[in-house]
Amino acid sequence: MTTETPIRWGIIGPGRIAQTFADGIAHSRSGKLVAIASRNPDKPGLGDGFPGARIVNGYEALLADNEIDAVYIATPHTGHAEWAIKAIRAGKHVLVEKPIALSAFDAEAIYYEARKAGVFAGEAFMYRVHPQTAKLIELVKSGVIGDLRIIRTSFGFNMGKVNPEHRLFANEMAGGGILDVGGYPVSMARLIAGAVDGKPFLDPDKVSGVGHLGQTGVDEWASAVLKFPNDIIAEVSCSIMANQDNTLRIIGSEGRIEVADFWFASGHKGGIGKIDVIKGGETQTIEVKEDRWLYSFEVDAAGDAIRAGNKEFAYPGISWADSIGNLKVLDQWRASIGLEYSVEKAAHRTKNIAGATVTKGNSIPKRSIPGISKPASLVTLGFEFFPNFAAASLTLDAFYEAGGNAFDTAYVYGGGKTESIFGDWHTSRKVQREEIVLIGKGAHSPLCYPDMIRKQLDQSLNRLKTDYVDIYFMHRDNTDVPVGEFVDAMDAEVKAGRIRGIFGGSNWTRARFDEAIAYAEKNGKTAPATLSNNFSLAEMLDPIWAGCVAASDDEWKTWLNAKQIPNFAWSSQGRGFFTDRAGRDKRDDEELVRVWYSDRNFGRRDRAIELAQKLGRNPIHIALAYVVAQPFPVIPLIGPRTVAELEDSLSALDIKLTPEQVKWLEG
């Protein structure tokens, strides 16, 4: 595409903001509006705000239109992620009205799709690419107000009265102030805090929010305090039921900068923006005159990136990392006030992020596990890190759609949240229970006693929305209790049909496991038949958590090979040891240093790096392939936090290491 060829735009969601964006296209140097898509193409006056544009019947038709290069998505918030991903998969560049998604997790999924497709994707904060913002950054960096200390900014207006039919008051439409306008003051605060440190943006290390939830369940006014690593404090506020002055105040040791309506810059159709620098009782007004229309800057910033083959906005436009970081703050702000939208819950979020029915895939290889009647995926998914169903469902959906059917849960994870999320997931997706291998765990310290197994399993099964688990682990061992009492308790659950496969110990020693088997054989009980201990190419030197047991050393390997006991291995990729986070000269991560740093492990890491370079892969892929390649059954537990991390881990499953390569890696 040459610089003379216009970027041909299509618009999905022809509302008021779409008309404003269309004005920006009309006054841009790089764009041309070709078509708008509507589900009601015969609506009277529909085309009035989009002169010269074709009206296309339905969003899918616009995505299939070969005359469209880029799509601007202006649906209500709840449709942003779905249509962004659909457009990306159709090969279109996308610009999505803010917020690009309901959460940082959804935004990460969008940008990951764009990275795979090789297309531009951006979040439409128009003020970020206006010359007034560049001037503001210049002033902050110049030190004109001394050391920056406090940022105060707001974006609030008053709708007058509650209208449950309006999208801003509809919880099911993700209404309220935080998502609709709260992103402006947050993004500006992060931009300015970053400029002080010479960075494109800075993420706060603490977010504390308050707010008022109205009768329709959305935030009608809310405020938050952001504490940045460089000790800058930002006070941000938003509202849909309170007029605010919407002034940006940047307070330094020697003065302050004030900008009224910073997000509106010099005006929709151009004009003069004013930046006041106030020092020693005097005010200097710096004028930023612009004849160009506000939204034309956004159109051209996207167009310039597309023409240059770039996938994201150039600074000070909002990059992918900046966009995700901004939504992480909004996520924390919402969590602070207990705001969750109904569309984020299982009852309504029954499809995947692209709006499709979740269906079982087959790309992940399966393996037989002794004692389990159905094949299990080569890796097992653990997901205890997710804050809610909406976030977890992204990874659960992707894993299942790739062919994964083994899931690791535990009574203690998230105080039961993980189990509840899984129960909601498999029932909302109508996943056949007999097709999945479900792991449950209980009796964690300090409640590691035989009578806790039944009591906790009662609660676990209720949360999991099932009447049995396929595999059950005691989450810890208590050597003060005779091992036979634990065997008896688990055997009782087998006989009751609540464990319909195998059971065993997580973080158990060989001696204790052998003792348990001997007791079961002597007393006619079901014997433990599986472990869940750490196993990795890097040997764990010091327990990550109290009571943890690693099974990676030579004595353990000999025992596992002789017994052929399946080991569901946690931290199978060394918790970052095989990534750039680790290194002989990198000692800022206390856990990495304490748990993994040794000459022997660094030798293995060196060889993993060498082999990865030969295979065109990453060392962490070699680490996972090593675990799978053992001559005894090791099933890695993986805990990806994003779909990108999941797919990266799964990509290692096509690496088939030979026994010679395994021994070479071990040294």
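How far apart do the end C-alpha atoms of residues 7-120 lie? They lie 12 Å apart, and the span is 35% helix and 24% strand. Helices here are DSSP runs of H or I with at least four residues, strands are DSSP runs of E with at least two, and both are numbered from the N terminus. UniProt, in an unreviewed entry, places the feature "domain: Gfo/Idh/MocA-like oxidoreductase N-terminal" at residues 7-120.

This is a predicted model, in which local features need pLDDT of at least 70 and side-chain atom pairs count only at pLDDT 80 or more, while totals for chains, interfaces and linings use all residues. Residues are numbered from 1 along each chain as its sequence is written, and side-chain values use heavy atoms, with hydrogens and water left out.

Two further annotations come from UniProt. The unreviewed entry gives "domain: GFO/IDH/MocA-like oxidoreductase" for residues 135-258. That stretch is 23% helix and 34% strand, with its end C-alpha atoms 13 Å apart. For residues 391-665 the unreviewed entry gives "domain: NADP-dependent oxidoreductase". Residues 391-665 are 45% helix and 12% strand, and their end C-alpha atoms lie 36 Å apart. UniProt positions are given in the numbering used here, feature names are shortened, and annotations may be inferred rather than shown by experiment.

The domain assignment of the protein chain gives domain 1 (7-126), domain 2 (127-290 + 315-344) and domain 3 (366-666). Such bounds come from an automatic or database domain assignment. The centres of domain 1 and domain 3, taken over C-alpha atoms, are separated by 43 Å. The contact takes 5 residues from domain 1 and 9 residues from domain 3, where contact means heavy atoms within 4.5 Å.

Next come the helix pairs. Two packed helices are described by the angle between their axes and the distance between the axes. Axes are lines fitted to C-alpha atoms, for helices over the stretch in contact, and angles run from 0 to 180 degrees between N-to-C directions.

Helix α9 (residues 389-401) packs against helix α10 (residues 417-428) at an angle of about 55°, with the axes 10 Å apart. The angle therefore makes α9 oblique to α10. Angles under 35 degrees count as roughly parallel, over 145 as roughly antiparallel, 65 to 115 as roughly perpendicular and the rest as oblique. The residues of α9 that meet α10 include Phe389, Leu396 and Tyr400, and their partners in α10 include Ile421, Phe422 and Trp425. By class, this contact of α9 with α10 has 7 nonpolar, 2 polar and 2 charged residues. Ala, Val, Leu, Ile, Met, Phe, Trp, Tyr, Cys and Pro count as nonpolar, Asp, Glu, Lys and Arg as charged, and the others, Gly among them, as polar.

Lys430 has a positive phi of about 55° although it is not a glycine. Pro446 lies in the loop between β19 (437-442) and α11, and a cis peptide bond with omega about 5° joins Ser445 and Pro446. Another cis peptide bond runs from Tyr315 to Pro316, with omega near 5°. Pro316 is placed in the loop between α7 (294-308) and α8 (320-337).

Helix α11 (residues 450-464) and helix α12 (residues 483-495) pack at an angle of about 25°, and their axes are 8 Å apart. This makes α11 roughly parallel to α12. Pro450, Ile453, Arg454 and Leu457 of α11 make the contact with Glu485, Phe486, Ala489, Met490 and Glu493 of α12. These residues divide into 6 nonpolar, no polar and 3 charged.
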